[in-house]
Every structure is written in C-alpha cells, then in structure tokens.
Amino acid sequence: MELLTIKLKKLFSKNINNIFGADYAQKVDIQNSTKKEFGDFQTNFAMVSSKLIGKNPREIANTLVDNFAENDIIEKLEIAGPGFINIYLKNNFLNEEIKKVENEKYDFSFLNTDKTVIIDYSSPNIAKRMHIGHLRSTIIGDSIKRILQFLGFHTLADNHIGDWGTQFGKLIVAYKNWLNKKAYAEDPIGELERIYVLFSEESKKNPALEDEAREELKKLQLGNEHNQKLWKEFIDISLKEYNKIYSRLGVNFDYYYGESFYNNLMPSVLEELKKKGIAREDQGALVVFFENDKLPPAIVQKKDGSFLYTTSDLATMKFRRDELNVDEAVYLTDDRQQNHFKQIFEIGELLGEPYNYKKTHVVFGIMRFGDGMIFSSRSGNIIRLVDLLDEAKTQVKKVIDEKNPDIPEDEKEEIAEIVGSGAIKYFDLSQNRTSDITFTWDKVLSFEGNTGPYLQYTYVRIMSIFRKLKKENINVENKDIILENMNGIERELAVELLRFPQAVIKSYESYRPNIIADYLFDTAKLFNNFYNSNSILKEEDKKVMDARILLAEKTAFILKQGLGLLGINTVDRM
C-alpha cells in the first residue's frame, strides 16, 4: 500500500513540473494539516521554492492552484496565508484508501531499509536487581526495534550487560564475609544485592576492604578458578532473574554480549590506536587527545594496564561490523553518557574501517518518583521493576473487580497484567524521551487523558461492538465501502487512520516513540467522539451501519498495530 503522502507528493511533483517547466520534486513536502479547517493535508511548496522560481509565494500558489490538473485524489486546493496550500481529498478516494488498511502492507521501500541495524539497550549490571532506572532504556530500545522492524529493517537486539569490572572484586569479598546461604538459596540476586550494599557500608569503616576487593578482581582477571566460577554463577543467576522481567515486558534480545566478551579483543584495538598515532602515552596512561580540544581527552588504558569502557566500546564497534555485518548501531542510554559516546564515535571516525559506520546515541532523561526520589543500588535506594509491575497489576485488578466482576478470575489476572504493564510503558513512551519524567500512579493508571488505560479502553469499546454483533447475529454485508458520502467526524477519523504510517516514519526519523503515542491518542479521541455522536448498531440505514462498523474495525486495527509498536498488547475486555 503506497503511503498517502507519497501519492500526494508524486501528484504535486508532476503538476509542478508541468506548470513551471522544471523538476522541483525535492521541494515538495506534504504535511498533516494542523486543523480540520485547513484541509486534510498542506504543502508549503510555494514558500520554500520562491527564490528558486523567482516569484513571490502567493503568486506561485495561485499559479499552481489555477492550473492543477483534474485527478481522482484531490477534491480542491485552497491558498492560506502567504503561500500555504490546503489539500482536500475526494471522498471516493478516501473510501478506496481506507479499504486497504489491514488488507495491504505499507510500502516503505523509499526509506532504503535494506540494511542491518543493531540496537544496544537495557544493559543492567550483573548481580543487581533490575530497578526503575533500567526501565527507560529497556522499553524505549524495544519500541525503536519494533518500529525499525515494522518499516522493514533487519534488526539485531543486543543487551550489553555489565558483567565485568570492579564490582565483582567487591562482590567476591562480600560473598566470602557476609553471605547468608539460606537467603542466597531463596533469593540469590536479592542476597547478592544485600551484600554489595553491605560492602559499601563496611568499606567506609575499613578501607582495607577496597584493597582486598582489588586483589580478588585481579585474581578473577588472571583466571583464578574459584573466582571465575563465582563470577559465572553471578551472571547465570542475574540473567535468570532479568529474563523474568523481560518476559513480563514482552522484551527479547538476540545477543547478551557483555563487557567481558570483548576482553580478548581490546589489546588489538589499542595496537591500532597506537599504530595510527591516535592514542599516545600521558603520565603512564594511554590517552586519545582530540583536535582543538573539541572533546575532553579519552583514556583507553590506565597506567596499571587495565582497560576502560572506552576501550570496550571500541572493541564492540569493531566486532559488530566484522562479525555481525551491521550497517548501523543505535545506543540507548541516559543523557549523562553523552560525552562518552561523542568520544568513542569520534575515535571510530579517526580509526576508519571497520569502526566508522553510522552510529546514533539515543539519549533519555531520568525517571523519578513523585517524591523526587532517585536511585542507587550502592545505597540500597531502589524501586525494583518486579515490584513496579506487581503494583500496577494489583491496581488494575481492583478496577476490573469493581467495574466487571463477572470476568473469570484467571482472565482478570491476564487482563490486569497486560493493562498494568502497558500503562507503565505508555506513561514513559508517551513523553518526550529527552525530558526527565516524574512517575505518579494517578497519571499512569488514569482511564482519562493520554494514558495507556484510555487507549486500551477505546480498543475494548470497539471489541464490545463486535461482541454485540455476534450476540445479535448481525451480519456486515457491505464489505466494500466505508461511507460514500463521508462528512463530519467520520471523515476526520478516516483521514486520521491514513496518517498512521507517516507517524511511524516521523517516530523513526527522530527515534521518538512519543510521536506514535500522540497519534494514537488523537485517533482514540476521534473514535470516541465518533462513537458518542453516532448510532452504530441502532442505525436504521443498514448501509450506513455497515460503513460505521467497518470504520470501527479499521480503527481497532490501527490502535492495536500502533500499541504493538510501543510493545503494548491489547485486551478484548476489561
């Protein structure tokens, strides 16, 4: 199914070329109209091409509108302001386009999707429970992956887990000194987290513990059998716990290549840096200095010979190109790591092949709770993701028990899980990812406004129409039409449904899932206005009733598809 904006762009380009005698296709941009009184779509061609054509925008717009060829798509064109052109579509054309929704796949071939993109997201540190601080990277990364897949890209999802570093020396010391074996058997990752916090407290009283931790880490790095065994045990325990959370969130990965995976690759990266004169010794360390000091110096090896995240990430870049054949990489982290990624991307460009392929750092703000709380596993001040998901499920189940007590208990559990986790996801994904956000249950679980439950309820409302159809044995006979003479809210809704793929493209272009969320909210509001102002199953004109039912069906499809791109499942009742 060719996108409506692409069809309009082709039509405008053809007419512009015929009227003005030159190829101005690159200047044609079709935009959604901001208000219904401004048409279905708009173009600012007359304004952006004024200098090129050598006439004022208003004159260009008048010439274009007066000489635009008759066609099967556009009903009329109107000039607005200094040179905007409002575009009104023909109802018959809308009918034909709406019929294709759900029945035909969108054609995104113009995006050049024949490439492999790796998305690096979530990345928790081993031996620590996943908490609220891991939520944003996990669900934003998953949504970006889904959007890319929808558009036709081949994607790889990599969970670059923190499975190496100084914390393991501390953990081994804590394991030896304070492990409660019974607690470890019942809740292994919880006990590891407890003793890690305890180490932090005890080392303040006894600084010698830090030296002991460094010694245990060194033994681990040199291959000590006992420490290696413990380290692998910590990883297995952690991944088992993480996968329970990922399963509830509907998140999955192709790879779990942690930092340790790249240990053997890092020495060769250092050799390349030295050989090409990119890194040099400075006070015993190996450092990359940037031209004109545009970035702070990046240490790639400490004076004690140990590596850093910079070295590990460079080795990761090389491996992904050489072994996984990626064309692009997308990294999801909070905005505190911006300088780090600017440094490694710049070093990659200096190194050249195979480091210098396209890489994007997608940043996001910090999530806090309503009381301003921030999170630190070292201090033990965390809100676990499992507790967050459980609480959401509990709160949703209370609403179901109150509003629809006749639903069987096992179905209530399933619905509460889907709606609860979806509410948390939507709260995050519906907001600008670069902003810090404050989590409050009232906002997350509200059935009004731009929330997950509101969209879920809208979908459920449509499903209730089809349950009534089945119960009352009503057949939809006119499968070929939506509305021949659409006007008012039906027409608005039909046009909005056709804007869906454009919303997905805009979301992809800026890696902002909130664009899709905003689109879905607008669509849901339009449908609810349509539902509240029109009789559907009680409509006496059978042809009109069938058309409205089909319009509801197309809306349900778009809502489900759009929520799916946010990693949110739908329910048929709640």
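1. Two strands count as paired if DSSP finds at least two bridges between them, and both helices (H or I, at least four residues) and strands (E, at least two) are DSSP runs numbered from the N terminus. On that basis β1 and strand β2 (residues 41–43) pair in the antiparallel sense over three bridges, with Asn32 standing opposite Phe41 in β2.

2. A word on the source: this is a predicted model, in which local features need pLDDT of at least 70 and side-chain atom pairs count only at pLDDT 80 or more, while totals for chains, interfaces and linings use all residues. Residues are numbered from 1 along each chain as its sequence is written, and side-chain values use heavy atoms, with hydrogens and water left out.

3. The strands β1 and β2 belong to an open sheet of four strands, in the order β1-β2-β4-β3 and with antiparallel pairing. Because β1 (30–32) and β3 (74–80) each have a single partner strand, they form the edges, and one side of each lacks a neighbour in the sheet. Neighbouring strands here are turned by 30° against each other on average, direction ignored.

4. A further open sheet, of three strands, has the order β7-β8-β9, again with antiparallel pairing. Its edges are β7 (279–282) and β9 (298–301), each with a single partner strand, so one side of each is left without a neighbour in the sheet; the twist averages 45° from one strand to the next. Four bridges join β7 to the antiparallel strand β8 (residues 285–288), and Arg280 has Val287 of β8 as its bridge partner.

5. Helix α12 (residues 266–275) lies across β7, β8 and β9, and runs at about 125° to β9. Axes are lines fitted to C-alpha atoms, for helices over the stretch in contact (heavy atoms within 4.5 Å), and angles run from 0 to 180 degrees between N-to-C directions.

6. Helix α9 (residues 188–205) has 18 residues, which at 1.5 Å a residue should span 26 Å, and this agrees with its end C-alpha atoms being 26 Å apart; the expected span is 1.5 Å times one less than the number of residues.
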